[in-house]
Amino acid sequence: MDLTFVSTNVGKFREVRGILSEYDVRVRWSRRQLPEVQAGRLESVVEAKLDAAHHLGSRILVEDSGLFIPALGGFPGVYSAYVFDTIGLAGVLRLVEGQSRRARFRAVAGLSIGPRRWLMPGECPGRIAHRPRGTHGFGFDPIFIADGETRTFGELDPAEKNRRSHRARAIRRVGRLLRTVG
Ligand code: IMP
């Protein structure tokens, strides 16, 4: 089965392709920017992305994700891409100084098959590291340590990250759903 993943982020595409290959799904990459609506919830952003991508094929997958830090009221959350591009890893490390370092990644996958739609969330709880470590992955990977790990996501190889990440959890749900709806 073929599926079109719409995103500008090559890191996300590689992860999604790797996970869905386990479900015999071939992922095509449509590298284009979809509107990022100003919304407080990932689910609303994903709905808007599905609206915008709808005409690109009969089986479309989109995703929106972010890093949520409870001590900062959930920031950067839905603003994660913007915060990464502006204050970056160093800025986030400064903000959590002296605060609880608990954090979690969340992803919401949005799938459309013709007129039908599904939103599927995935979460990964963890904490913010004291300094960036590792060169794998993308975005905040070098400063995020998943619960039960000592290494950052940046220090995990792609297969290890795909065993526990928020995105892997959301995309595995997509894989399981595709087995049932075809
Ligand atoms: P968006 O989903 O395109 O709005 O971007 C989400 C942003 O959250 C990314 O640009 C990253 O900065 C961050 N992010 C989401 N998932 C991950 C991940 O798996 N690793 C590292 N950073 C992530």
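Trainee: Which residues of α6 are buried?
Mentor: This is a predicted model. In it, the buried residues of α6 are H166, R167, A168, A170, I171, R172, V174, G175, L177 and L178. Their cover includes β1, α1, β3, β4 (102–113), β5 (116–128) and α5.

Trainee: What makes R172 buried?
Mentor: Its relative accessible area is 18%. Buried means under 20%, so R172 qualifies. R172 sits in helix α6. Leaving aside neighbours within four places in sequence, R172 is in contact with I19, E22, Y23, N162 and R163.

Trainee: What is the span of α1, and what is expected?
Mentor: Helix α1, residues 10–21, has twelve residues and reaches 16 Å from its first C-alpha to its last. The expected value at 1.5 Å a residue is 16 Å, and the span of α1 is close to that.

Trainee: Which residues of α1 are buried, and what do they pack against?
Mentor: G11, K12, F13, E15, V16, I19 and L20 are the buried residues of α1. They pack against β1 (2–6), β2 (26–30), β3 (59–68), α5 (158–164) and α6 (166–181).

Trainee: Which side-chain oxygen atoms reach a backbone nitrogen at the start of α1 and at the start of α6?
Mentor: At the start of α1, a side-chain oxygen of N9 comes to within 2.8 Å of the backbone nitrogen of G11. At the start of α6, a side-chain oxygen of S165 comes to within 3.3 Å of the backbone nitrogen of R167. The cut-off for a polar contact is 3.5 Å.

Trainee: How many aromatic pairs does a search of the whole structure find?
Mentor: Five. One of them is F105 with F144, which is a tilted pair.

Trainee: Why is the pair of F105 and F144 called tilted?
Mentor: The ring centres are 4.5 Å apart and the planes are at 50°. Centres within 6.5 Å make a pair, and planes under 30 degrees apart would be stacked, over 60 edge-to-face, so the rest are tilted. F105 lies in strand β4 and F144 in strand β6 (residues 144–146), so the pair ties together parts 39 residues apart in sequence. Ring pairs also link F105, F144 and F153 into a cluster.

Trainee: How do you know that F105 and F144 are buried?
Mentor: The relative accessible area is 6% for F105 and 0% for F144. Buried means under 20%, so F105 is buried and so is F144.

Trainee: What makes D24 exposed?
Mentor: The relative accessible area of D24 is 65%. Exposed means over 50%, so D24 is exposed. D24 is in the loop between α1 and β2. Its phi is near 60°, a positive value in a residue other than glycine.

Trainee: Which polar atoms of the protein lie 3.0 Å or 2.6 Å from ligand atoms?
Mentor: A polar backbone atom of S65 is 3.0 Å from an oxygen atom of the ligand. A backbone N or O atom of F140 is 3.0 Å from a ligand nitrogen atom. A polar side-chain atom of D141 is 2.6 Å from a ligand nitrogen atom. The protein covers 92% of the 480 Å² of accessible area that the ligand has on its own.

Key: Residues numbered from 1 in each chain as written. Predicted model: local features only at pLDDT ≥ 70, side-chain atom pairs only at ≥ 80, totals over all residues. Heavy atoms only, no water. Helix = DSSP H or I, 4+ residues; strand = E, 2+ residues; numbered from the N terminus. Expected span 1.5 Å × (residues − 1). Buried < 20%, exposed > 50% of the residue type's maximum accessible area, 1.4 Å probe, protein only. Contact = heavy atoms within 4.5 Å. Polar contact = N/O pair within 3.5 Å; in protein donor to acceptor, adjacent residues only side chain to side chain. Phe/Tyr/Trp six-rings, centres within 6.5 Å; stacked < 30°, edge-to-face > 60°. Areas by Shrake-Rupley, 256 points an atom, 1.4 Å probe, with all protein chains shown as cover.
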